[in-house]
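Please keep the sequence and the structure in view while reading.

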Amino acid sequence: MDVASFSESLRRLSAEDIRRCAARLQPDEQSVADQVTQWRAELAIDRLIRRHCTRAEAQRATAAAQRTARLVVEVARRRGMSVPDGDVSRVARTAAQIARGLALGGLAGPFLPTLLAQFDAALERGASPVLTAA
């Protein structure tokens, strides 16, 4: 998956999807093990950016994260949600973290499946998954 396909999947979110995702991303809805796994993946991506990326790569990752967060907010507005909204912010922050990793390509490869799986589980609709790491 790349940033463009991830963004496309976010464009299809409904207001109900955003609410459900935000509720399941709340720390009290996740097991401690899931929280720790997510934090480790996010910290690993931060370390990659600081230690192994050029300034241009770091800027691209940051820009991808910002665009993705704005996209979630725009989708929420189009779905009739008022902003600012804590649920929208929670989903936007999580999506931005994923976009940062996706923008790094292969460097972040080992950490992305964890973040994508948790985000997809939070979106669980009963249908096929919205997101995949492939």
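Helices H5 and H6 are roughly antiparallel to each other, because their angle is about 150° and angles over 145 degrees count as roughly antiparallel, those under 35 as roughly parallel, 65 to 115 as roughly perpendicular and the rest as oblique. The model is a predicted one, in which local features need pLDDT of at least 70 and side-chain atom pairs count only at pLDDT 80 or more, while totals for chains, interfaces and linings use all residues. Residues are numbered from 1 along each chain as its sequence is written, and side-chain values use heavy atoms, with hydrogens and water left out.

**Helix packing**

Helices (H or I, at least four residues) are DSSP runs numbered from the N terminus. Axes are lines fitted to C-alpha atoms over the stretch in contact, and angles run from 0 to 180 degrees between N-to-C directions. A crossing is left-handed if the near helix is turned anticlockwise from the far one by less than a right angle, and right-handed if clockwise.

| Helix pair | Angle | Axis distance |
|---|---|---|
| H1 and H4 | about 15° | 9 Å |
| H3 and H6 | about 135° | 9 Å |
| H5 and H6 | about 150° | 10 Å |

The crossing of H5 with H6 is left-handed. On the H5 side, Val 91, Thr 94, Ala 95, Gln 97, Ile 98, Gly 101 and Leu 102 meet Leu 112, Leu 115, Leu 116 and Phe 119 of H6, where contact means heavy atoms within 4.5 Å. This contact of H5 with H6 comprises 8 nonpolar, 3 polar and no charged residues. Here Ala, Val, Leu, Ile, Met, Phe, Trp, Tyr, Cys and Pro count as nonpolar, Asp, Glu, Lys and Arg as charged, and the others, Gly among them, as polar.

H6 (residues 112-123) also packs against H3, to which it is oblique. That crossing, too, is left-handed. Residues of H3 in the contact include Asp 34, Ala 41 and Ile 45, and those of H6 include Thr 114 and Gln 118. By class, there are 4 nonpolar, 4 polar and 2 charged residues.

H1 (residues 3-11) and H4 (residues 55-78) pack together and are roughly parallel, with a right-handed crossing. Among the contacting residues are Phe 6 and Leu 10 of H1 and Leu 71 and Val 75 of H4. The contact of H1 with H4 has 7 nonpolar, 2 polar and 1 charged residues.

**Pocket and cis peptide bond**

The largest pocket has a volume of about 250 Å³, the volume being the space filled by probe spheres set on grid points joined across faces, edges and corners. On a 1 Å grid over the protein atoms alone, a pocket is an open set of points where a 1.4 Å probe fits, with protein on both sides within 12 Å along at least five of seven lines; lining residues have an atom within 4 Å of a point. H3 (32-52) and H5 (86-103) each supply at least two lining residues. The lining includes Trp 39, Glu 42, Arg 90 and Arg 93, and by class it has 3 nonpolar, 5 polar and 3 charged residues.

Finally, Val 83 and Pro 84 are joined by a cis peptide bond with omega of about 15°. Pro 84 lies in the loop between H4 and H5.
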